[in-house]
Structure formats: structure tokens, C-alpha cells
Amino acid sequence: MPNLIMSILIAVVITILLLAVVPVSGGHINPVISFSAALVGIISMSRAIIYIVAQCLGAILGALALRAVVSSSIEDTFSLGGCTVTIIAPGPNGPVTKGLETAQALWLEIFCTFVFLFASIWMAYDHRQAKALGHVTVLSIVGVVLGLLVFISTTVTAKKGYGGAGINPARCLGPAIIRGGHLWDGHWIFWVGPTIGCVAFYVYTKIIPSKHFLAEYGFKHDFVGVVKALSNV
């Protein structure tokens, strides 16, 4: 599918999903958001774990539902919407591996996760921003940013076999469990990369000026704060 069309569809779908689930969970449909929110201190780590488990179960059920309704040719072409770094394709002298190098894919995951968090945490979870712009505008921007990141990651690499930045480990896990096969090749990248991106973003929040909104609102679940509190018990 043309990258631009795919990215636009992703932006629209993610925006709709976020608007649908904001009243329920605050828009937590992605382990990246939940884990980063726990590190920053917006939610507790225990709540983040519950959210992440639910997101992974939802991804598995979604992959099962998708497999039940799509044709086998569409399933083969799009791998149930799973995340791929490489694929095995037929070649003139037998099967060949097409895709992206491991290091490049990992760096893309880290970079795209950081940029995604910069847009979502700083806007959707900044009380001042959300109030000034409104939830519809903020969540629309988050969806557009995600679509842009997918477009950029697939365009700059231009590698067949690479499905673009995952930025959502749960979405990668569901199809991998249901379909298996090549979806497990390099699957760890879609967990390790976002995790490093979340930690990098958290470190960034700790070195910015103290007058930023984090200090003003004093999120009590901040990771370092919780560790200090436990060490004093």
C-alpha cells in the first residue's frame, strides 16, 4: 500500500480510537504511553502494568478477529497488521531475505518513540495544553504525529520487508502470537526500542527547567520519587 495512504489511515484510525477510550482510561491504548506515563508520574506503575497486560490481550483478540474476517491473500500481504523488520521472499536463485538491518530498525524505534512521546505526553497529558486546545484537537495532533512517524520511517528506509516503526509493542505482539513465522524475526526490537525511547524521554523530563508543568503539578508517581520514598521506608 502507498505509504502516504497508509499513514493517513493510521492517523484517522488512531484519532478515533483515542477519542473513544479517553473517557475510560485516559487514552491508554499503547504500552509506550502507559509505561512512559508511569515513569513520568502521571499514573502508578501498578496501573501501567494492568494497562499493558490489557493492551496485549486486546491486541491478541484483535489479531484473532482480523484473521477471522480477512481473506488468506490479505493476511499474507499485510501479516495481520504485524510488525516486520525482514521477510523471506522468492528470488531467482531461491528464497532471499529482504528488509532492514537490525541496528537501523532499533534506532528508528527509539527515535520515533521519543518523538511520539514528546507530542503525546507534552500535549495530551499537559493540563494546560489539553485545556487550551481541547481534547479533540490534542488527540487529532497525536494521531497525525503517529501517522507522520510511520510515513517517515517507511519512506526514508524504502526497504521492502520493513513494515515501518511499530511504536506500539502490543500491536506487534498480537499478530506475532496468532500468525507467528517471520513476525518473530526481530520482534524484540519492537519492545527494546520503545523501552529505551521511554527511558530517554523520562531522562529528558528530569533535565528540563524545574518550572515546567511537571514540577508545578507535582506528579506523585514519578519513578525516581517512588524509589526514593521506598528507600526511606
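**Basis.** I worked on a predicted model, in which local features need pLDDT of at least 70, side-chain atom pairs count only at pLDDT 80 or more, and totals for chains, interfaces and linings use all residues. I number residues from 1 along each chain as its sequence is written, and side-chain values use heavy atoms, with hydrogens and water left out.

**Entry 1: Ser-34.** I located Ser-34 in helix 2 (residues 31-40); helices are DSSP runs of H or I, at least four residues, numbered from the N terminus. Ser-34 counts as buried because its relative accessibility is 0%; buried means under 20% relative accessible area, exposed over 50%, and partly exposed in between, with a 1.4 Å probe and protein chains only. I found a polar contact of 2.9 Å between the side chains of Ser-34 and His-28. Such a contact is a pair of N or O atoms within 3.5 Å; within protein, one must be able to donate a hydrogen and the other to accept it, and residues adjacent in sequence count only if both atoms are side-chain atoms. Not counting residues up to four places away in sequence, Ser-34 also touches Ile-43, Ala-48, Tyr-51, Ile-52 and Gln-55, among others; contact means heavy atoms within 4.5 Å.

**Entry 2: helices 2 and 3.** I then examined the axes of helix 2 and helix 3 (residues 45-69), which come within 9 Å and cross at roughly 175°. Axes are lines fitted to C-alpha atoms, for helices over the stretch in contact, and angles run from 0 to 180 degrees between N-to-C directions. The two helices are therefore roughly antiparallel, a term for angles over 145 degrees. Helix 2 contributes Pro-31, Ser-34, Phe-35, Ala-38 and Leu-39, and helix 3 contributes Met-45, Ala-48, Tyr-51, Ile-52 and Gln-55.

**Entry 3: helices 8 and 9.** Helix 8 (residues 169-179) packs against helix 9 at about 170°, with the axes 9 Å apart. This pair is therefore also roughly antiparallel. I listed Pro-169, Ala-170, Cys-172 and Leu-173 of helix 8 as meeting Phe-190, Trp-191 and Pro-194 of helix 9. Within helix 9 (residues 189-207), Phe-190 and Pro-194 are among the buried residues.

**Entry 4: Arg-67.** I found Arg-67 in helix 3. Arg-67 counts as partly exposed because its relative accessibility is 37%. Leaving aside neighbours within four places in sequence, Arg-67 is in contact with Glu-75, Leu-80 and Ile-178. Arg-67 and Arg-179 lie 112 residues apart in sequence and 8.7 Å apart in space, C-alpha to C-alpha.

Definitions and conventions. Angles under 35 degrees count as roughly parallel, over 145 as roughly antiparallel, 65 to 115 as roughly perpendicular and the rest as oblique. The expected span of a helix is 1.5 Å times one less than its number of residues.
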